[in-house]
Amino acid sequence: MTKFAVVQFPGSNCDQDCVGAINSLEGARAEFVWHKETSLDAFDAIILPGGFSYGDYLRCGAIAQFSPIMQAVIKDAAAGKLVIGICNGFQILCEAGMLPGALVRNRSLHFVCDMATTRVEVPHSPFTIGCPEGTLLRLPVAHGEGCFFADEQTLRELDENRQVILRYVDENGKVVPEANPNGSVQNIAGMCNRERNVFGLMPHPDRACDERLGSGDGVKIFRSMMEAIGRNRTQAA
Amino acid sequence: MKMKVIVTPKAAVLDPQGAAVREAMKHLGMPEVRSVRIGRYLEIDVDGNESELTPRLHELCRHLLSNPVIEDYELANAEEGK
């Protein structure tokens, strides 16, 4: 059984979606963890869900980065545990310095709520096992501050270390400006840290875990995490 | 004592809010406006000695009140010159 923690901050609103998505997978179990908790030892993986933690006051994710649970997230991530930050969770990971860059107001100034097509750029990450390079994942986006920004130096490093995992593309898999819902540099939709165990993305795999809801592609990301955790266990045994 | 912090987006960061306001100013009869940058102003009422507080406030400016990846900040005494 793979145990996922879904951290609840005041203002998280995709926590239910995440728990529902994980609990629909065979072999996985998700539990809520309140942000005032201080340990995540009982879990194999951590999900920082979407929402508006602390009302997005100051900047998105700016205050949540100092919640007590974040010390445990930082400690466990440093030890190699898988962490995925979705939407507001991605913003929190950037604010906490666990991922480079920052997420700013959408170029259009509008909140975007739409289905996006993303392309897998890195097939060998713990989040994309079973997704060959170029695989297209249809995932919904719903955010006002999802425009990824990083300076030139950081972008070069992301490129050199192949940390960009997902880019927004059109239906043919081409990186074009029209496919970019928020103005992110280089159409970046999701990226990982250098060690490849911390992943942040603006699209919602948690809202794409059932074909009846428009897409089941989100399952691939969560199943990949389970697979990676399983492999680690086998290696450790 | 009152301190003030002004946070502004770095020059390299796109400021779509500022661009939208600049357009509105042009429509309202001020085509001379070249650019508008929108930031945040914080007024902080704090007890203590300025020279002792200043380094601690700078620390908070870097870690909480601004994000150095995308923003610059200025910290100053809000009562000076009054």
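Where is Gly11(A) found in chain A?

## Gly11(A) and its surroundings

In this predicted model, Gly11(A) sits in the loop that connects β1 (2-8) with α1 (15-23) of chain A. Because 16 C-beta neighbours lie inside 10 Å of this glycine, Gly11(A) counts as partly exposed.

Leaving aside residues up to four places away in sequence, Gly11(A) touches Gly51(A), Phe52(A), Ser53(A), Tyr54(A) and Gly55(A). Phe111(A), which is 100 residues from Gly11(A) in sequence, is 17 Å from this glycine in space, C-alpha to C-alpha.

## The sheet of chain A

Chain A contains an open sheet of 9 strands with mixed pairing, in the order β2-β1-β3-β4-β11-β10-β9-β6-β7. The edges are formed by β2 and β7 (136-143) of chain A, and because each has a single partner strand, one side of each is left without a neighbour in the sheet. From one strand to the next, the twist averages 25°.

Strands of a sheet pair through backbone hydrogen bonds, in either a parallel or an antiparallel arrangement. Both arrangements can be followed in chain A: β11 (residues 198-201) runs parallel to β4(A), to which it is joined by 4 bridges, whereas β10 (residues 188-192) and β11(A) pair in the antiparallel sense over 3 bridges.

Strand β3 (residues 45-48) of chain A runs parallel to β4(A) and is joined to it by 4 bridges, with Leu48(A) standing opposite Gly85(A) of β4(A).

The buried residues of α2(A) are Ile69(A), Met70(A), Ala72(A), Val73(A), Asp76(A) and Ala77(A). Because these residues cover an arc of only 155° around the axis, they lie on the same side of α2(A). An α-helix has 3.6 residues a turn, so residues three or four places apart point the same way. The buried residues of α2(A) pack against β1, β2 (28-34), β3, β4 and β11 of chain A.

Just after α2(A), Gly80(A) adopts a positive phi of about 105°. Lys81(A) is placed in the loop between α2 (69-78) and β4 (82-86) of chain A. Is Lys81(A) buried or exposed? Lys81(A) counts as buried, because it has 21 C-beta neighbours inside 10 Å, the cut-off for this class being 20 or more.

When residues up to four places away in sequence are not counted, Lys81(A) touches Ala45(A), Ile46(A), Asp76(A) and Asn197(A). Asp76(A) is also one of the buried residues of α2(A). Gly200(A) is 119 residues from Lys81(A) along the chain, and their C-alpha atoms are separated by 14 Å.

## The sheet of chain B

Chain B has an open sheet of 3 strands in the order β2-β1-β3, with antiparallel pairing. Its edges are β2 (40-45) and β3 (71-77) of chain B, and since each has a single partner strand, one side of each lacks a neighbour in the sheet. Neighbouring strands of this sheet are turned by 20° against each other on average, direction ignored.

Strand β1 (residues 2-9) of chain B is joined to β2(B) by 6 bridges in an antiparallel arrangement. In β2(B), Tyr41(B) is the bridge partner of Ile6(B), and Asp45(B) is the bridge partner of Lys2(B). The number of buried residues among the 6 of β2(B) is 0, so this strand lies largely in the open. Helix α2 (residues 50-65) of chain B lies across β1, β2 and β3 of chain B and runs at about 160° to β3(B).

## Where the two chains touch

The contact takes 12 residues from chain A and 10 residues from chain B. On the side of chain B that touches chain A, helix α1 (residues 16-27) of chain B provides the largest share, with 3 residues. The residues on this side of chain B divide into 8 nonpolar, 2 polar and no charged.

Definitions and conventions. Residues are numbered from 1 along each chain as its sequence is written. Chains are lettered from A and ligands numbered from 1 in the order in which they are written. This is a predicted model: local features need pLDDT of at least 70, side-chain atom pairs count only at pLDDT 80 or more; totals for chains, interfaces and linings use all residues. Helices (H or I, at least four residues) and strands (E, at least two) are DSSP runs, numbered from the N terminus. A residue is buried if 20 or more other C-beta atoms lie within 10 Å of its own, exposed if 12 or fewer, and partly exposed in between; C-beta atoms are placed from the backbone. Two residues are in contact if their C-beta atoms, placed from the backbone, lie within 7 Å. Two strands pair if DSSP finds at least two bridges between them. Axes are lines fitted to C-alpha atoms, for helices over the stretch in contact, and angles run from 0 to 180 degrees between N-to-C directions. Ala, Val, Leu, Ile, Met, Phe, Trp, Tyr, Cys and Pro count as nonpolar, Asp, Glu, Lys and Arg as charged, and the others, Gly among them, as polar. The arc is that of the directions from the helix axis to the C-beta atoms.
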